[in-house]
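I went through one structure and kept short notes on what I looked up. The entries follow the order of looking.

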Amino acid sequence: MLRWILGGREAQGTVEKSAALFIGEEQPKNCFTEMQVLKGHFDIVRFLVQIDDLRFASAGDDGLVLIWNVETGECLFVLRGHTQQITAMTSYTFIRGGTAHTALITASSDRTLSLWDPDSGNRVQNISDLQSSVKCLLVLAHLDVWLSGGNELCVWNRDLELRCKMVHHSDAGISAMVELPKNFIAAAMDKEIVIFKLNLSGSDIAVMAMRHLADHQDTIRSLIHINDRLFASGSHIGELIIWDSVDWTIQAYEHILWEEPARDSQSEFKLNHQKQIERSIQHMSSDGEYIVAAVGSGLYVYNVLMKSVVAYRRTAHDSNILHTMLQRDSLMSCSEDGSVRMWELQDLPLPAEPASSGFFGMFGTFGRSSKQTGPPAKKIPEVPGLRSLELIGDLIGHSGAVQMFLSFKEKGLVTCSTDQLLIVWKDGELQSQLRSLAVFQKLEENQGL
C-alpha cells in the first residue's frame with residue numbers, strides 16, 4: 001500500500017477507516033435534513049450552472065439541457081438540439097435596453113455551440129462548423145464577450161458572432177481558462193499554461209499568444225482564479241503552482257509526495273496506476289484567501305496570504321474527489337464514492353500531526369520551478385498553526401459518483417451524479433418554518449382562524 005509522508009497510518013484497502021469519517025445519522029451541524037430528487041436526464045449529469053436566484057441548468061452525456069426551479073423542483077424547460085454529450089456550459093448576463101438579460105451557452109462533442117434563452121427555452125443561435133469540440137468557456141463581462149477553448153481559441157459576442165479566432169498548431173487543446181488583469185487570459189494546454197492577450201482596436205479584437213509557462217511536468221488538471229493578484233494550477237502528478245497574475249512568475253510551488261514500500265514486479269503496474277490516481281489534483285477552489293485542493297481522495301487547505309498549510313485530510317472520501325467549495329471556516333466536497341461531505345476547520349487542542357516538507361511546506365520558496373529535482377527531505381518538520389478538518393455532515397442519496405454541486409445558500413444545495421439524478425438538499429428546519437407560515441397564511445385567507 002502507498003503511505004503518505006505526512007503522517008503515520010497506512011490507508012488499508014480503499015479507505016482509511018477512521019471513526020471521524022463515519023459520523024452516523026446524528027449530525028447536529030448538518031442543516032440539510034430534507035432532500036428532493038429531480039428526474040429528467042437519462043445519462044450522466046456532469047454540469048450545473050446557476051441562472052439567477054431561483055433557476056439553474058443541468059446538462060450531461062444525454063445532450064439535454066434542463067432548466068429547473070430550485071424552490072419547487074419543477075423542470076421549466078428541456079432544451080433539445082445537441083446530438084452528443086455536453087462538454088461545457090456557462091451563463092452569460094448582459095445589459096440590453098437598460099435591463100439585465102441572462103443567456104445560457106452550451107458546447108457539445110458534436111462540435112456545436114448553442115446560445116439559449118432560459119426565459120423561453122428557445123435556442124437563439126447555433127454554430128455547427130467548429131473544427132473541434134469545445135472543452136471550456138469563459139465570460140469576459142467587462143468586454144461583453146466570451147471565449148471558447150478547444151483546439152481553437154475563439155472570441156464571441158453576445159449574439160454568438162465570431163469576433164476572432166486562433167488555431168493551435170498542436171494536439172493539445174485548451175482544457176481550462178481563467179481571466180487575468182489587463183485583458184490577459186491564462187489557458188491550460190496539456191503540461192503548459194499559455195498567456196494570451198486580447199488586443200482591442202475600436203470594435204476589432206485580436207488574440208496573441210504572449211508566453212508559454214512550461215513548469216509543470218504532467219497534464220494540468222485544474223486552473224483557478226484566486227484573486228486579482230494570483231491564480232493557481234494543479235497537475236496530474238500532484239504539482240501545485242501559484243502564479244502572479246501580472247508578471248506570470250511562480251510565487252509558490254509544491255509537489256505532493258509520499259513514501260512507497262518495496263513491491264514486487266507483478267504488482268508494480270497496478271501500484272503505479274493507483275499512485276497516479278491518488279495524487280492527481282482533480283479540482284481546486286478558492287475564496288481569495290485560501291485554496292482547497294482535492295488530491296485523489298484527500299483534501300488540503302492552504303492559506304495563500306500566510307503561505308502556510310491550514311489543514312489537510314489524507315483520506316477524506318472513499319474514492320477520488322471531483323468537486324470542492326470553500327466558504328470561510330467550512331468547505332464541501334463530493335466524490336466518486338457517491339457522497340457529499342461537509343467539513344469544518346477547528347483549532348487543534350494538541351500539537352498537530354507533523355506534515356512533510358514535500359506537502360505545501362515549501363510554499364514560501366519564491367520563483368522555484370518544478371523542473372528542479374532532488375531527493376525529498378527525510379526530516380519531517382512541524383507545521384505551526386495547523387488546524388483539524390473535521391467531518392460535520394455526510395449527505396448520502398446518490399447511487400453513483402457525484403460530479404459537482406451548486407449552492408443556493410438558504411434555498412438549498414443541488415448535486416448531480418452518474419446515476420442520472422439531481423438532488424436538492426434543503427434546510428429541514430427552515431422548510432418546516434416555511435410550511436407552517438404557508439399554512440397560517442392559507443387559514444387567514446380562508447378566515448379559518
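This is a predicted model: local features need pLDDT of at least 70, side-chain atom pairs count only at pLDDT 80 or more; totals for chains, interfaces and linings use all residues.

Entry 1, loop residues. I looked up Lys307, which is partly exposed, with a relative accessible area of 30% (buried is under 20%, exposed over 50%, partly exposed in between, with a 1.4 Å probe and protein chains only). Lys307 sits in the loop between strand S26 (298-303) and strand S27 (308-313); strands are DSSP runs of E of at least two residues, numbered from the N terminus. The phi of Lys307 is positive, about 55 degrees, although the residue is not a glycine. Most residues other than glycine have a negative phi.

I then turned to Asp190, in the loop between strand S16 (184-189) and strand S17 (192-201). Asp190 has a positive phi near 55 degrees and is not a glycine either. Its relative accessible area is 34%, so I noted Asp190 as partly exposed.

Residues are numbered from 1 along each chain as its sequence is written, and side-chain values use heavy atoms, with hydrogens and water left out.

The average pLDDT (the predictor's confidence in each residue, from 0 to 100) is 83 for the protein, and 81% of the residues score at least 70. Residues 258-277 have pLDDT below 50, and I found 24 contacts for this stretch beyond near neighbours in sequence; a contact means heavy atoms within 4.5 Å. Over residues 355-381 the pLDDT also stays under 50, and the model has 65 contacts there beyond four places in sequence.

I traced an open sheet of four antiparallel strands in the order S19-S20-S21-S22. Strand S19 (220-225) and strand S22 (250-255) are the edges, each pairing on one side only. From one strand to the next the twist averages 15 degrees (axes are lines fitted to C-alpha atoms, and angles run from 0 to 180 degrees between N-to-C directions). Strand S20 (residues 230-235) and strand S21 (residues 239-244) pair antiparallel over five bridges; pairing requires at least two bridges found by DSSP. Ser233 stands opposite Ile241 in S21.

I checked residues 104-126, which are 0% helix and 70% strand, with the end C-alpha atoms 12 Å apart. Residues 314-346 are 0% helix and 64% strand, and their end C-alpha atoms lie 16 Å apart.
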